[in-house]
Amino acid sequence: MKNKALKRLICGLLVLVASLPLFSFANNPSLKNKDTVASNGYKIKTIVVDAGHGGQHSGQGHFSPGASGSYSLERNVTLAIAFKLQKAIEKDMSGVRVVMTRSSDDDVAWQKRADIANENKGDLFISLHCNSLSPKRIHEVVGHKHNKPVYKTVEVPDRSGKGVLLLVYGFHRSREEEKAIKENLMEGDAEMNSNPDPNDPASMILMNEYKRKYRKQSIHLAELINSEFVETDGRRSEGIREQGVLVLCHSAMPAVLVETGYINNPDDEAYLNSEAGQDEIVASLVRALQNYKNEVESSAP
Ligand SMILES: [Zn+2]
């Protein structure tokens with residue numbers, strides 16, 4: 001889209017017609033390409049690699065420093081894996097360009113990440129993160145008063161989380177899921193992680209677009225990534241979950257957020273920080289991306 005006014009107008013029109021099943025984007029070349037997996041001669045040319053979080057506030061939008069382990073930080077691990085993934089894609093997937101949403105420690109607001117993906121006409125969006133569990137709150141006996149125990153609530157680290165988790169954008173969250181997200185941290189960042197604002201037409205249209213065009217493909221790509229992690233690398237997996245991570249739906253393309261491991265679990269932290277672990281993660285991602293690319297391109301007539 002050339003300018004905001006045009007984008008708004010098109011967004012408004014799309015809202016109006018979103019409920020009409022016979023409406024087709026066939027005459028709009030910018031929307032035609034990624035409409036279905038079996039598009040005419042469609043090729044994956046650009047993969048957006050998104051290293052989660054950042055260390056310095058960019059001065060724009062929301063700042064998200066990420067989780068930490070006992071000696072390492074999520075934002076450093078994600079950037080290291082992102083650089084390796086960039087190199088591996090450029091080496092192993094000929095004709096595919098990689099766009100990085102950040103290449104330094106500076107944080108980039110999630111809206112900006114989605115803008116970078118869209119401006120560069122990304123075909124796929126891969127967001128790299130590390131998972132972490134919030135501390136557990138336990139009641140500890142600290143003494144006795146009148147023969148009754150006196151309790152104090154203390155927080156103890158919860159290092160029990162282990163393995164990978166794949167997130168794709170989801171709209172319908174149950175109260176249990178809301179609660180689990182808050183308790184388990186995950187990408188439990190309130191601003192980045194919520195439902196689109198119903199009063200913002202641009203946001204709503206992006207959500208509808210995602211639902212109509214990219215949800216299935218995102219889930220399929222997540223399945224391919226998950227099976228590489230589990231079957232090739234023998235990683236534990238919590239599977240694929242739909243969660244309201246806005247950057248995934250604002251990037252108008254199939255998008256998967258990869259929780260590469262639990263940074264606050266000692267085994268996972270060692271794996272995530274090792275060359276061998278990072279190389280294994282990257283190799284699995286590249287195999288999954290290659291499989292996805294082959295499927296999409298071979299299904300084109
Ligand atoms: Zn994260």
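This is a predicted model: local features need pLDDT of at least 70, side-chain atom pairs count only at pLDDT 80 or more; totals for chains, interfaces and linings use all residues.
Residues are numbered from 1 along each chain as its sequence is written, and side-chain values use heavy atoms, with hydrogens and water left out.

Let me begin with strand β3, residues 124-131, where helices (H or I, at least four residues) and strands (E, at least two) are DSSP runs numbered from the N terminus. Of its residues, 8 of the 8 are buried, so β3 is largely enclosed by the rest of the structure; buried here means under 20% relative accessible area, exposed means over 50%, and partly exposed lies in between, with a 1.4 Å probe and protein chains only. In a regular strand the side chains alternate between the two faces of the sheet. In β3 both faces are covered, with L124, I126, L128 and C130 buried on one side and F125, S127, H129 and N131 buried on the other.

What does β3 pair with? Strand β1, residues 46-51, pairs with β3 in the parallel sense over 5 bridges, and D50 has S127 of β3 as its bridge partner. β3 and β8 also pair in the parallel sense, over 6 bridges, and there F125 has A255 in β8 as its bridge partner. Two strands count as paired if DSSP finds at least two bridges between them.

Now to helix α8, residues 266-273, in which D268, E269, Y271 and L272 are buried. Seen down the axis of α8, these buried residues fall within an arc of 165°, so they line one face of the helix, the arc being that of the directions from the helix axis to the C-beta atoms. They pack against α3 (74-92), β3, β8 (255-262) and α9 (275-298), contact meaning heavy atoms within 4.5 Å. On the other side of α8, P266 and D267 are exposed. At the start of the helix, a side-chain oxygen of N265 comes to within 2.9 Å of the backbone nitrogen of D267.

Lastly, the two loop residues. Most residues other than glycine have a negative phi. K121, in the loop between α4 (110-119) and β3, has a positive phi, near 55°, and is exposed, with a relative accessible area of 64%. H146, in the loop between β4 (136-145) and β5 (148-156), likewise has a positive phi, near 50°, and is exposed at 72% relative accessible area.

Methods:
A polar contact is a pair of N or O atoms within 3.5 Å; within protein, one must be able to donate a hydrogen and the other to accept it, and residues adjacent in sequence count only if both atoms are side-chain atoms.
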